[in-house]
Each structure stands twice: as structure tokens, then as C-alpha cells.
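Good morning, colleagues. Please take a moment to look at the structure on the screen before I describe its sheet, its core and one of its helices.

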Amino acid sequence: MARKSALSIKLKAKSISIVETIDFKKPKTKSFAEFISAIGLNTKKTLIVVDGLNKNVYLSARNLEKSEVVTDSEISTFSIVNAQHLVIEENAVEKIQSKLI
């Protein structure tokens, strides 16, 4: 219930972005930083929610203090509230919704 409320608050504040997929061929912090910058979130604390384990995305983001990567099964109420903006992969949205119902 708390997770649903936290997501609802972020949605009303327009602090959620849905992307088709996030993938990098190699784990490079520079590539991840360019991605975050391209969507205009380089100054915000961002939670990236991926559909299942994506090692390259996780490794690319781990050196950036304002970014956190979690899978759809690892998302917590605290991580949602703690982030200024959420970026969620399209397939992860469906899995999150099914857990909230």
C-alpha cells in the first residue's frame, strides 16, 4: 500500500519517466552519464528500475552518486521516496503494476 502511494505521488508530480529499454553493450559510466544527461536528469537523484538483472546498466551507474539502479523486484518504498525522479523500463512497469494489485 505504501509503495502504491509513493508511486502515485511521484506520478502526480510528473517525476516518473517510462523508457522502452535501457541497455549498454559495455559497462561504462560515461555512457550512463550521457543517457541521464540526455533525458535531463543529471542534477537529480534518480532511481532507474530495470526489467530483470541488467549487469551493464548496474555497473555503468554504480559510480554516480545521484543514480541508483534496481530491478522491478527490488524496488522499495524507501527508494521511491528517496529519489527525485524515477526512470522505469516499459516491461518493468507491467511487473510493478501486477504486484500492486
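Predicted model: local features only at pLDDT ≥ 70, side-chain atom pairs only at ≥ 80, totals over all residues.

In what order do the four strands form the open sheet, and is the pairing parallel or antiparallel? The order is β1-β4-β2-β3, and the strands pair in parallel.

On average, neighbouring strands are turned by 20 degrees against each other, direction ignored. Between β2 and β3, which run parallel, there are five bridges. Valine 50, for instance, has threonine 71 in β3 as its bridge partner.

I turn now to the helix α5, which spans residues 90–100. This helix lies across β1, β2 and β4, and runs at about 100 degrees to β4.

Next, the interior. In soluble globular proteins, nonpolar side chains tend to be buried together. Here the largest nonpolar core has 13 residues, and those touching the most other members are Ile22, Phe32, Phe35, Ile48, Val57, Val69 and Val87. Two or more residues each come from α2 (29–38), β2 (46–50) and α3 (55–61). The largest share, three residues, belongs to α2.

Consider valine 87 in particular. Beyond its neighbours within four places in sequence, its contacts include Val19, Ile22, Phe35, Leu47 and Ile48.

Finally, there is a second, separate core of twelve residues, among them Ala6, Leu7, Ala83 and Ile88. Thank you for your attention.

Notes. Residues numbered from 1 in each chain as written. Heavy atoms only, no water. Core = buried A, V, L, I, M, F, W, Y, C linked by side-chain atoms within 4.5 Å. Buried < 20%, exposed > 50% of the residue type's maximum accessible area, 1.4 Å probe, protein only. Contact = heavy atoms within 4.5 Å. Pairing = 2+ DSSP bridges. Axes fitted to C-alpha atoms, helices over the stretch in contact; angles between N-to-C directions.
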